Number of protein chains: 2
Amino acid sequence: MAPRKIRNMEEFAAVSGISRPTVSKYFNDPDSVRRSTRERIEQALERFDYRPNIFAMNQNRKLTKNVGIVVPYLADPFFAEIARNIEAKCIEAGFRPTLYSAYGDPAQEAEILDSLRALKPAGVLLAPLGRDSDRSFIEKFCKDIPTILFDSNLEGMGAAFVGSDNASFIEQTVDYLCRSGEPPAFFEMRHPANPNANKRRIAYLKKMESLGKEPRVIKVDGRGWGFEEIGRQGAFRLLEEPRLPSRTILCSNDRLAIGFLSACYEKGLRVGLGEDCDLRVASHDDHPFSKFTCPSLTTAAHDYNAVSNRTVETLIELVESGGQLKARTETLFPARLILRSSA
Amino acid sequence: MAPRKIRNMEEFAAVSGISRPTVSKYFNDPDSVRRSTRERIEQALERFDYRPNIFAMNQNRKLTKNVGIVVPYLADPFFAEIARNIEAKCIEAGFRPTLYSAYGDPAQEAEILDSLRALKPAGVLLAPLGRDSDRSFIEKFCKDIPTILFDSNLEGMGAAFVGSDNASFIEQTVDYLCRSGEPPAFFEMRHPANPNANKRRIAYLKKMESLGKEPRVIKVDGRGWGFEEIGRQGAFRLLEEPRLPSRTILCSNDRLAIGFLSACYEKGLRVGLGEDCDLRVASHDDHPFSKFTCPSLTTAAHDYNAVSNRTVETLIELVESGGQLKARTETLFPARLILRSSA
DNA sequence: CACTGTTTTTTACGCGCGTAAAATTTTAGT
DNA sequence: ACTAAAATTTTACGCGCGTAAAAAACAGTG
């Protein structure tokens with residue numbers, strides 16, 4: 001017998017000896033049909049390879065299984081890594097995630113959300129651009145589509161926020177640096193796009209104060225998402241000055257630090273915590289490459305796994321409660337200090 | 001007057017005073033309707049914000065504007081970067097690209113292609129996993145769906161292949177290294193997943209022979225996509241041996257080189273081309289971070305722009321010719337040598 | 001003006017499935 | 001064996017749009 005091509009659910013229902021609406025119910029949720037029915041469908045599924053037409057499925061469904069994951073810049077390994085985690089967990093939970101990147105452009109971010117709207121997603125996991133985002137646009141979007149913010153928070157928007165506790169990052173790095181040597185100066189971009197950067201600066205100032213040390217903030221110019229180059233140029237300018245504010249530099253994030261280290265190397269400066277070293281450099285994020293910098297970077301790590309787990313768990317809650325949570329929650333995971341050679 | 005919500009094309013056609021089929025034609029291709037008609041539609045489009053329902057659109061359309069972009073590992077900045085380029089160019093050309101990553105897993109690659117099939121894409125741009133790919137599966141897919149391979153070739157599959165000329169990479173780096181010092185040993189993974197790696201080894205052997213130099217291939221163990229770590233561990237083992245095959249190391253790709261450099265740094269070896277240096281290290285790909293390694297990496301750069309342009313151009317040809325090209329073409333772009341400090 | 005070829009509109013149908021309501025069967029419980 | 005509850009099937013409709021075919025409007029000729 002030649003198992004002819006199954007063209008639609010009608011035909012598949014026929015060959016499996018079940019009515020089409022029940023088959024439809026099965027594909028919507030396999031556990032919503034009787035066990036014996038389910039087995040019969042799955043047997044038929046092995047003999048004939050049939051998949052429901054996605055477009056027809058979603059056309060009339062109130063709620064799809066689509067999930068949009070939106071990040072600000074996918075070519076940044078940090079976001080690539082967290083997107084990878086979240087994507088895997090969405091699939092595990094039975095969703096159909098699709099990945100989008102705004103590539104630093106607010107117009108593209110808005111365009112993504114607009115086309116996402118058309119996909120009737122069960123939920124959207126959004127790591128917004130931050131300062132550059134069109135806030136009122138995003139606010140409107142969050143009201144229409146169940147959205148969870150992650151990584152960077154926009155006050156009050158979305159059903160929940162899941163991210164890392166910036167204060168915890170700073171407290172651990174500053175604490176360690178102060179215990180082990182000279183108090184750090186804080187190295188950051190003058191106009192950071194990401195709100196986390198501001199939280200980190202504030203946390204730095206507060207922590208230094210609580211330790212009774214004088215804070216020093218170094219602001220470097222530069223725009224866009226080429227953080228390494230910005231850190232590098234900023235380091236060159238800083239290192240040309242007659243006196244450094246401190247011989248211990250705490251970068252706002254690892255990508256700046258990567259650039260900073262490359263400038264130090266080029267200048268012939270030794271970075272590390274030995275007596276013979278000229279500088280100590282530490283940072284935050286535990287960027288996938290921070291293990292391979294020269295020297296390897298002392299940093300504070302995100303709990304990637306916890307953030308992505310919690311984000312997807314919250315998504316599931318949100319979907320199951322019909323797109324509305326009782327209250328907007330903000331979950332912040334603490335950092336883990338990673339001691340390497342640079343400080 | 002309160003412009004009430006437009007629910008569907010029917011209503012939009014009514015308020016714009018045009019028949020629905022004509023409106024449908026407009027959305028399919030704005031130039032397919034009379035100029036005056038087009039203007040009337042576009043005026044109405046400004047007064048009422050209406051977007052056709054994607055699911056309903058694609059359900060009956062023979063050919064959608066969807067394009068799938070599939071890469072083997074999106075958290076690898078090289079693929080993130082090329083995906084970014086290709087995505088932008090697809091949008092420019094009027095397609096709706098969606099990005100997928102197999103994350104090194106052949107099962108996931110197959111799953112992506114399967115779900116892509118359901119999206120009736122106008123075309124698929126596929127950078128396959130390579131050695132790990134389920135070849136017969138991909139072959140079947142290419143027969144059903146217009147597919148263009150990029151970055152890494154699978155003999156005879158797809159309508160065309162666009163990538164970089166591995167021989168050109170090797171010839172330039174080997175040539176330069178031989179002119180400027182000791183001939184290089186070639187450093188690679190024992191079981192590279194990517195077919196480009198094999199082409200590079202073969203090109204290395206050939207080029208060395210043509211220069212009358214003795215080739216030396218160093219193979220390091222390790223699996224998966226953590227190339228930096230593999231390069232690093234391989235370097236440690238290599239550097240422990242009493243004698244190196246050469247004091248000039250040519251890595252198969254930049255990510256291995258990044259790991260190699262980090263091992264050198266940790267061992268206290270100076271890498272560069274000065275008299276006082278212990279080693280020279282060069283590589284291939286011009287990875288986004290290769291500018292920031294210590295020392296900065298001498299490498300051969302892909303012509304990202306040419307590859308992504310040509311890929312999308314070929315896609316357009318393919319779509320316009322109805323999913324079939326006269327002959328399968330293979331386009332290879334030469335490398336550009338980037339001289340930095342490591343060699 | 002009639003004549004011809006091209007757009008546009010009208011009309012009509014179908015895509016593949018979700019889903020609601022009513023009729024029927026199965027299951028669980030006593 | 002009987003009954004209420006749960007699951008399934010039947011029936012029927014509609015989603016929003018693509019698209020083919022026929023009719024009508026239009027533009028360009030002589």
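## A strand pair in chain B

Let's start with two strands: in chain B, β10 (residues 298–301) and β12(B) run antiparallel to one another, joined over 3 bridges. Strands here are DSSP runs of E with at least two residues, helices are runs of H or I with at least four, both numbered from the N terminus, and strands pair if DSSP finds at least two bridges between them. Within this pair, L337(B) of β12(B) has A300(B) opposite.

This is a predicted model, in which local features need pLDDT of at least 70 and side-chain atom pairs count only at pLDDT 80 or more, while totals for chains, interfaces and linings use all residues. Residues are numbered from 1 along each chain as its sequence is written, chains are lettered from A and ligands numbered from 1 in the order written, and side-chain values use heavy atoms, leaving out hydrogens and water.

## Helices on the sheet

Helix α9 (residues 195–210) of chain B lies across β6 (185–189), β7 and β9 (280–285), at about 165 degrees to β6(B). Contact means heavy atoms within 4.5 Å; angles run from 0 to 180 degrees between N-to-C directions of lines fitted to C-alpha atoms, for helices over the stretch in contact.

## The whole sheet

The open sheet of chain B has 6 strands with mixed pairing, ordered β7-β6-β8-β9-β10-β12. Because β7 (217–220) and β12 (336–338) of chain B are edge strands with a single partner each, one side of each has no neighbour in the sheet.

## Two copies
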